[in-house]
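Please read this briefing alongside the sequence and the coordinates. It is arranged by topic, and each term is defined where it is brought in.

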Amino acid sequence: MDSLTHIAIGACVGEAFFEKGFGKKAMIWGALAQSIPDIDFVSSFWLKPAESLLAHRGFTHSILFALLVVPILSLVADKIHKPHNISFKKWILFFLTEVFLHLFLDAFNNYGVGWFEPFSHIRFSFNIIYVADPFFSLWPGMALVALIILNRYNRARDFWWKFGIFIPFIYLSYCTYNKVHINNDVKEILVKQHIPHERYFTTPAPLQNWLWYVVAGNDSGYYVGFRSLFDSKKEIKFEYFAKNISLLRPIHNQEDLQKLIRFSRQFYTVENYNDTLVFNDLRFGQIIGWQNPKEKFVFHYYLQYPYENKLVVQRGRFTGWNRKSITGLMKRIRGN
């Protein structure tokens, strides 16, 4: 999830945990605890771009980190607010809920979370919701504003924290249903259209949960397409992209390249942009691909110029967006 959504949900959980009167202080602690795992952003100031990609949502999003940081937060909060009638056990439970909720929610999009770092580098990503989905984030955002405005003893606060927590999780359940539905369709379509593949994934296209981005293939290359929940025909118009592993032979042992391959989970292609060798991580989507099936990929890493890859995940996310592309997205969502 994006940082603002974590802050809003954290504040709502803080309000839910404590009795009226302490609520606004708990909101601040909740927002802080929900933000703590994202402290890994500071590593980007000294790590090389390829290293930073793996550091983000790595150790600070692990179970071990949560178990280490929760007692520290509990001790600090307990000391700051003395005298009080809040048990230390409740502080522990509160901060555990906040931090683990952050780790759980982050696994629902496509970046991946290292729950078992540093003992295992396996990353968990359910690919169920786009990293910034306004249909998920709107409700806790509204609740946060209401809880800030309302007097701390106002009875309506009880309604707003429930609104800010339960509505997003109902929507998340709906997104999970959509994921299962899309995956079932895609499995059937891949067989029907004779698409050779050893691996595939589906993930939502930007800012919604009705149009899904589909990638399927093997070490030769990948077929890329889009499917809407409202498509009437059981078919996908795929565009093929060769993997071009041979282009990597001269730099195969390069440390940055090995980190990128690990990060991509094998969902990558390589190509030349003029005189520049480019590594594409397909998991982050295709720039307005619903409009132009041959378009570049959002994540494109310049292998010969590593320090020109700052914000590589974000660089192409909304490139080329305008009224025409947004209209095209809405039209494609409606199905064909």
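What follows is a briefing on the sheet, a lysine beside it, the salt bridges and the aromatic pairs.

This is a predicted model, in which local features need pLDDT of at least 70 and side-chain atom pairs count only at pLDDT 80 or more, while totals for chains, interfaces and linings use all residues. Residues are numbered from 1 along each chain as its sequence is written, and side-chain values use heavy atoms, with hydrogens and water left out. Helices (H or I, at least four residues) and strands (E, at least two) are DSSP runs, numbered from the N terminus.

**The sheet and the helices across it**

- An open sheet is formed by 4 strands in the order 1-2-3-4, with antiparallel pairing, where two strands pair if DSSP finds at least two bridges between them.
- Strand 1 (199-204) and strand 4 are the edge strands, each of which pairs on one side only.
- From one strand to the next, the twist averages 20°, with axes taken as lines fitted to C-alpha atoms, for helices over the stretch in contact, and angles running from 0 to 180 degrees between N-to-C directions.
- Strand 3 (residues 221-228) and strand 4 run antiparallel and are joined by 4 bridges, and Tyr223 stands opposite Tyr240 in strand 4.
- Helix 7 (residues 156-192) lies across strand 1, strand 2 (211-218) and strand 3, and runs at about 140° to strand 1.
- Helix 10 (residues 323-333) lies across strand 2 and strand 3, running at about 80° to strand 3.

- Lys243 is found in the loop between strand 4 (239-242) and helix 8 (255-264).
- With a relative accessible area of 0%, Lys243 is buried, a class that means under 20% relative accessible area, whereas exposed means over 50% and partly exposed lies in between (1.4 Å probe, protein chains only).
- When neighbours within four places in sequence are left aside, the residues in contact with Lys243 include Arg199, Asn218, Asp219, Tyr222, Gln266 and Tyr268, contact meaning heavy atoms within 4.5 Å.

**Salt bridges**

- The structure holds 16 salt bridges, each being a side-chain nitrogen of Lys or Arg within 4 Å of a carboxyl oxygen of Asp or Glu.
- Arg199 forms a salt bridge with Asp219, in which the closest N and O atoms are 3.3 Å apart. Because Arg199 lies in strand 1 and Asp219 in the loop between strand 2 and strand 3, the pair ties together parts that are 20 residues apart in sequence.
- Lys243 and Asp219 also meet through their side chains in a salt bridge (3.1 Å, N to O). This pair links distant parts of the chain, 24 residues apart, with Lys243 in the loop between strand 4 and helix 8 and Asp219 in the loop between strand 2 and strand 3.
- Asp219 counts as partly exposed at 41% relative accessibility, while Lys243 counts as buried at 0%.
- A salt bridge between Arg227 and Asp231 has its closest N and O atoms 3.7 Å apart. Salt bridges that share partners join Asp185, Glu188, Arg227, Asp231, Lys234 and Arg332 into one network.
- Arg227 counts as buried at 2% relative accessibility, and Asp231 is buried with a relative accessible area of 8%.

**Aromatic pairs**

- A search of the whole structure finds 39 aromatic pairs. Phe94 and Phe95 have ring centres 4.8 Å apart and planes at 50°, so the pair is tilted.
- Rings of Phe, Tyr and Trp (its six-membered ring) pair if their centres lie within 6.5 Å, and planes under 30 degrees apart count as stacked, over 60 as edge-to-face and the rest as tilted.
- Phe94 is buried, with a relative accessible area of 0%, and Phe95 is buried, with a relative accessible area of 0%.
- The rings of Phe108 and Phe126 have centres 5.1 Å apart and planes at 85°, so this pair is edge-to-face. Phe108 and Phe126 both lie in the loop between helix 5 (88-106) and helix 6 (134-149), 18 residues apart.
- Phe108 is buried, with a relative accessible area of 7%, whereas Phe126 counts as partly exposed at 32% relative accessibility.
- Ring pairs link Phe201, Tyr213, Tyr222, Phe226, Phe267, Trp290, Phe318 and Trp321 into a cluster.
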